[in-house]
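Hi everyone, thanks for coming. I'd like to walk you through a structure that may be new to you, so please have a look at it first.

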Amino acid sequence: MTDSSGAGNRVDVVFVGRANIDLTVHVPHRARPGRTAVGSPLTANAGGKSLNQAIAAARHGGRAALIANVGADTWGYQITTALTDAGVDTRHVRLVPDATTGAAIIEVTPDGESYITLALSPATELTTDDIHRATASLAAEAVIVQLDLPPEPVTTLLSHRRAPILVGNLVPNPGLDPRLLAELDVLVVNQHEAAAILRTTAGNPLESAAALQRLGPPTVVVTAGPNGAAFTHPHGSGTVPAPAVSVVDTTGAGDAFLGSLALDLARHAPLPDAITTAVHAGSHTVGHSGAHTPTNQIPK
């Protein structure tokens, strides 16, 4: 980011993406066709990948900012309050008049797996103007962008580097020029997203990371659930195992991973060390010392 606006606008990491409300229900099983599953009381909490990542970075002691739009409605104000309470810079979280905030409908089954349907709000999608306006007044060491956003703002961000470290997350939008992946310093995906980009089935995470690196980004990290994470970068490659935890809910584990990873990269930690810390952050999110059977688990 530019640094013309002074030290007061400096942060460690800027997260660019979506913020929404997570509507979560715990169910004994997913409903079968034509049948009803009775679940727990519904909870409504601030969510969205970029929001979760920004809060994770802030909870690890980082100065984090979020660039996102929400509706000027009850959910939108709930989101901005949650961000402020977590210590995230919200100057570029825009409340869009007469717009409905997006929502994620999340079903959590007894094994801790989550099934998510995202109800997008087209009126709150980021625009090129949003990107120009926000990046002109923030200084950061690292920028993390969700690649499934509309292609125009993503292309703007990737084409006009404003930070030393640029990280992309998630499967790119089909409208995004794949050659822009070469503009990234780091690409972070899970094994299923890696398979989608490579147009193959999920395979060995380390092999997937190497194949993705050949598309342009010099550093690639592939998370693989109970198999940990794999990475490749100009100085080598390797894997990081996942610790044993009691799985309760996998929702947000990948975001905890990326929030931690982004902050450590912004602070110039060696990549293997940053990934190890991030694996433990993701694992802590999915489990605690409850009655569930211990298993190896990090973000999928």
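**A walk through the sheets and cores**

Let's begin with a pair of strands: S2 (residues 20-26) and S6 (residues 103-108) run parallel and share 6 bridges. Within that pair, Leu23 has Ile105 of S6 as its bridge partner. A quick word on terms: strands (E, at least two residues) and helices (H or I, at least four) are DSSP runs numbered from the N terminus, and two strands pair if DSSP finds at least two bridges between them.

Before going on, a note on what you are looking at. This is a predicted model, in which local features need pLDDT of at least 70 and side-chain atom pairs count only at pLDDT 80 or more, while totals for chains, interfaces and linings use all residues. Residues are numbered from 1 along each chain as its sequence is written, and side-chain values use heavy atoms, with hydrogens and water left out.

How confident is the predictor? The pLDDT, its confidence in each residue from 0 to 100, averages 87 over the protein chain, and 88% of the residues score at least 70. Over residues 1-6, though, the pLDDT is below 50, and this stretch has 19 contacts in the model beyond near neighbours in sequence; contact here means heavy atoms within 4.5 Å. Residues 287-300 also stay under 50, with 53 contacts beyond four places in sequence. Where pLDDT is low, the predicted coordinates should not be read in detail.

Now the overall picture. The protein chain has 8 helices and 15 strands. Of its 300 residues, 54% are buried, which means under 20% relative accessible area, whereas exposed means over 50% and partly exposed lies in between (1.4 Å probe, protein chains only).

Back to our first pair. Strands S2 and S6 sit in an open sheet of 4 strands, ordered S3-S2-S6-S7, with mixed pairing. S3 (43-47) and S7 (114-119) are at its edges with a single partner strand each, so one side of each has no neighbour in the sheet. From one strand to the next, the twist averages 25°; for such angles, axes are lines fitted to C-alpha atoms, for helices over the stretch in contact, and values run from 0 to 180 degrees between N-to-C directions.

There is also an open sheet of 9 strands, again with mixed pairing, in the order S5-S4-S1-S8-S9-S10-S11-S12-S13. Its edge strands, S5 (93-96) and S13, each pair on one side only. Here the twist averages 15° from one strand to the next.

Which strands does helix H1 touch as it packs on this sheet? They are S1 (10-16), S4 (64-71), S8 (139-146) and S9 (165-169), and the helix direction makes about 150° with that of S4. In H1 (residues 49-59), 8 of the 11 residues are buried, so the helix is largely enclosed by the rest of the structure. Among those buried residues are Ser50, Leu51 and Ala54. After H1 comes Gly61, with a positive phi near 90°. Another helix, H4 (residues 151-159), lies across S1, S8 and S9, at about 145° to S8.

Let's move to the other end of that sheet order. S11 and S12 run antiparallel, joined by 4 bridges, and they form a hairpin with 5 residues between them, where Gly225 in the turn has a positive phi of about 55°. Is S12 buried or exposed? In S12 (residues 229-233), 5 of the 5 residues are buried, so the strand is largely enclosed by the rest of the structure. Ala229, Phe231 and His233 point one way, with Ala230 and Thr232 pointing the other.

Last, the cores. A nonpolar core is a set of buried Ala, Val, Leu, Ile, Met, Phe, Trp, Tyr and Cys residues joined through side-chain atoms within 4.5 Å. The largest has 42 residues, and those with the most contacts inside it are Phe15, Leu66, Phe257, Leu261 and Ile275. Helix H7 (residues 253-266) gives the most to this core, with 7 residues. Leaving aside neighbours within four places in sequence, Leu66 is in contact with residues including Phe15, Ser50, Leu51 and Ala54. A second, separate core of 31 residues includes Ile131, Ala163, Leu184 and Ala194.

Notes. pLDDT is the predictor's confidence in each residue, from 0 to 100.
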